[in-house]
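Me: I'm new to this one and would like to learn how to read it. Could you walk me through it, a feature at a time?

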Amino acid sequence: MENGAAKPVIVAIDGPSGTGKSSTSKAVAAQLGLSYLDTGAQYRAITWWMVTNGIDTADPSAIAAAAAKPEILSGTDPENPTITVDGVDVAGPIREQDVTAKVSAVSAVPEVRARITELQRAIAASAVTGIVVEGRDIGTTVLPDADLKIFLTASPEARAARRSGELKGADLHTTREALIRRDAADSSRKTSPLAKAGDAVEVDTTELTLQQVVECVVTLVEEKRAGK
Ligand SMILES: Nc1ncnc2c1ncn2[C@@H]1O[C@H](COP(=O)(O)OP(=O)(O)OP(=O)(O)O)[C@@H](O)[C@H]1O
Ligand SMILES: Nc1ccn([C@H]2C[C@H](O)[C@@H](COP(=O)(O)O)O2)c(=O)n1
């Protein structure tokens, strides 16, 4: 840049549920002074709005007709990410089981994806120092020109164990089956499915601690910035 300021860096982190995208992205963004966007929270927020407003989440045409109605705002401070719908803080309700069970159906509707993708691109374009954006289709569709693309993976067993640790008393087998079902739905939808971009770096986190994954991604970002 002409004034000597560093060019904003755009990092896309994709992968299935429970691979560590949110934890890794937040820590990397905080360490590097970047913004952070949880795109899953946006899809959860629009799903919460559909459920709260009595829209039938099994009816794609009803979802499509309502997709433009809610105002979804994401706060991108990695130390304090926020999400509101029509001014209501929905950070808690969007993690509830009912929303988790319906989010794949709602996020498969093309009108929903077009709306949320537009929001995501606007947020990324306005990040002054750069941003870490995590989701399912960031490297393939939302930000195909990202400076660095990471695709996190982990075995279903490791992912279920991580999630069961969060959900008090959750049965490991049930958690594993639910993760696999959601990944299958997210990977098989027609519009912008969960997929690894051809130029993404794949990191298998099964045997890595969160700290090791963060260090790996920070190193990759620093190498990119140094032009390596
Ligand atoms: N490498 C790791 N080793 C052990 N636990 C981890 C690791 N990475 C993340 N975790 C833990 O696993 C859980 C899920 O992580 P996280 O929410 O970051 O995954 P995610 O990919 O964003 O999931 P989702 O897509 O479902 O939101 C969290 O409790 C987190 O602390
Ligand atoms: N870029 C994205 C991000 C998320 N989704 C959908 C599919 C997920 O099952 C759901 C919830 O995401 P999570 O909070 O578990 O990361 O949102 C998507 O389609 N595209």
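Reply: Helices (H or I, at least four residues) and strands (E, at least two) are DSSP runs, numbered from the N terminus. This is a predicted model, where local features need pLDDT of at least 70, side-chain atom pairs count only at pLDDT 80 or more, and totals for chains, interfaces and linings use all residues. Residues are numbered from 1 along each chain as its sequence is written, chains are lettered from A and ligands numbered from 1 in the order in which they are written, and side-chain values use heavy atoms, with hydrogens and water left out.

Me: Which residues of strand β4 are on its covered face, and which on its uncovered one?

Reply: The general idea is that side chains in a regular strand alternate between the two faces of the sheet. Here, β4 spans residues 82–85; Ile83 and Val85 make up the covered face, while Thr82 and Thr84 make up the uncovered one.

Me: What is the strand order in the sheet that holds β4?

Reply: In general, strands of a sheet pair through backbone hydrogen bonds, either parallel or antiparallel. Two strands count as paired if DSSP finds at least two bridges between them. In this model the order is β3-β4-β5, an open sheet of three strands with antiparallel pairing. β3 and β5 are at the edges with a single partner strand each, so one side of each has no neighbour in the sheet.

Me: How many bridges join β3 to β4, and which residues are partners?

Reply: Four bridges join β3 (residues 72–75) to β4, and the two run antiparallel. The link from β3 to β4 is a hairpin of six residues.

Me: Now the ligands. How many residues surround ligand 1?

Reply: A residue is near a molecule if one of its heavy atoms lies within 4 Å of it. For ligand 1 that gives 17 residues, and the closest are Lys21, Ser22, Ser23, Arg163 and Glu166. Next, look for polar contacts, meaning pairs of N or O atoms within 3.5 Å. A backbone N or O atom of Gly18 is 2.9 Å from an oxygen atom of ligand 1, and a polar backbone atom of Gly20 is 3.0 Å from an oxygen atom of the ligand. A polar backbone atom of Leu208 is 2.9 Å from a nitrogen atom of ligand 1. Taken alone, the ligand exposes 630 Å², and the protein buries 80% of that (areas by the Shrake-Rupley method with a 1.4 Å probe).

Me: Where is Gly18, and is this residue buried or exposed?

Reply: Gly18 is in the loop between β1 (9–14) and α1. Gly18 counts as buried because its relative accessibility is 11%. An unreviewed UniProt entry lists a "binding site" that includes Gly18, Gly20 and Lys21; such annotations may be inferred rather than shown by experiment.

Methods
Polar contact = N/O pair within 3.5 Å; in protein donor to acceptor, adjacent residues only side chain to side chain. Buried < 20%, exposed > 50% of the residue type's maximum accessible area, 1.4 Å probe, protein only.
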